Amino acid sequence: MPNLDWLNLVHVWLPYTQMKTAGLPLPVVSASGVHLKLADGRELIDGISSWWTACHGYAHPHILKSIREQLEKMPHVMFGGLAHEPAYTLAARLAKMLPGDLNHVFFSESGSVAVEVALKMSVQFWLNQGERRTKFVSFRGGYHGDTFATMAICDPEEGMHKLFRGVVPEQFVVDLPDSNKNRDTLDCLLSENSKEIAAVIIEPLVQGAGGMKFHDAAVLAELKKLCSRHNALLIFDEIFTGFARTGSMFGCEQAAVTPDIICLGKALTGGTIPLAATVATGKIFNAFLSDDADAALMHGPTYMAYPLGCAAANASLDLFESEPRLQQVCAIEAQLTEELSPCRCAKNVRDVRVRGAIGAVQMSSTVDAVGLRARFVEKGCWIKPFGDVIYLTPPFVIEPNDLSKLTHAIVDEVCAK
């Protein structure tokens, strides 16, 4: 048993945690494939991919090799005035992968910042054309980050940031246009506030941290029509859904819709080190080209496009090209659909839904997340419920036997009640 004298809560402030009542987190000493090894020797099958990042599993040799080589050469150098091959290669590869003319890549270090940059781009797009538009439209059940601007476009009623209502700028947070009534309501909102609204932002197909809520690809197509009709920009936040999680490389592909701006992160580096990107079309980029220096996008994270992160991302993209990730996601989807189906018969289950490598069991009320998590650990599984949802987002490389252990753990808990 390794020395665990370091494991205390004296100096560490944990995420999304009431520290007064918090218990000690599980000490992890290593991770490989889809397994987390604890300090006491137990192993857990990771059903969450470390908040949806470790799509290739942990410690993939190709990514580790690329990181080691880059670490020895140049882990970081400022991106202002200096250039390095990993970033330029990554930008070109992302532009080639993405639909339409999403060709201009702005790098950052986290998903929240990538969304902040998208919002900033949107406002300045209009400012550079002499229009002051400072409002955004987002959707109930949505989540876009924890920074100030991103909190403002999260659901103010149900989301984790409701405490800040009245502190952050008030935006238009409405129902998804998934019915004729909701579509007409959004149509009127965009029409009546067309001179104020800079952009509409949505998580395509799946609202992740808001409760693993799904919507059809037709919603994205409808949004594109409405934004075109009312001259508003369209932002897709694919921090969670990007890189095959929903069954296509990017969620927007399923609707054949290209947004004006797309935000990427999480699985971009295969869950190794932080990196995110905000990618804009030529229409957006060209609005910043001017003889006026003030028309430039004045933003530049310190570790923007750092070589180590870009090397990891390039290695991750290599794996999407060389290994059968989309086929693996398709197989995971089929297995989740079959093995979670018994939950539909449980009296306390509201819904069971699966899309790509996402499986969610929605309960009729808020779950005992701490108690459930502990029981899943006893079964050798790392599953982290929240709100009224018990969900799985496993690494794409998970073997069927390991996935069955995860699904059976959920079924046992849900159907035993």
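User: What angle do helix α6 and helix α7 pack at, and how far apart are their axes?

Analyst: Helix α6 (residues 180-192) and helix α7 (residues 217-230) pack at about 25°, with their axes 10 Å apart. Axes here are lines fitted to C-alpha atoms, for helices over the stretch in contact, and angles run from 0 to 180 degrees between N-to-C directions. Helices (H or I, at least four residues) and strands (E, at least two) are DSSP runs numbered from the N terminus. This is a predicted model, in which local features need pLDDT of at least 70, side-chain atom pairs count only at pLDDT 80 or more, and totals for chains, interfaces and linings use all residues. Residues are numbered from 1 along each chain as its sequence is written, and side-chain values use heavy atoms, with hydrogens and water left out.

User: Which residues of α6 and α7 make the contact?

Analyst: From α6 they are R183, L186, D187, L190 and S191, and from α7 they are E222, L223, L226, R229 and H230, where contact means heavy atoms within 4.5 Å. By class, this contact of α6 with α7 has 4 nonpolar, 2 polar and 4 charged residues. Nonpolar covers Ala, Val, Leu, Ile, Met, Phe, Trp, Tyr, Cys and Pro, charged covers Asp, Glu, Lys and Arg, and the others, Gly among them, are polar.

User: And where do α10 and α12 meet?

Analyst: I332, Q335, L336, E339 and L340 of α10 make the contact with P400, L403, S404, T407, H408, I410 and V411 of α12. That contact divides into 7 nonpolar, 4 polar and 1 charged residues. The axes of α10 (residues 325-340) and α12 come within 10 Å and cross at roughly 30°, and the two helices are therefore roughly parallel to each other (angles under 35 degrees count as roughly parallel, over 145 as roughly antiparallel, 65 to 115 as roughly perpendicular and the rest as oblique).

User: What about α11 against α12, at what angle do they cross?

Analyst: The axes of α11 (residues 369-378) and α12 (residues 400-415) cross at roughly 130° and come within 10 Å, so α11 and α12 are oblique to each other. L372, R375 and F376 in α11 meet A409, I410 and E413 in α12.

User: Switching topic, which element gives the most to the lining of the second largest pocket?

Analyst: That is β4, with 3 residues, and the elements giving two or more residues to this lining are β4 (102-108) and α8 (282-286). The lining of the second largest pocket divides into 12 nonpolar, 2 polar and no charged residues.
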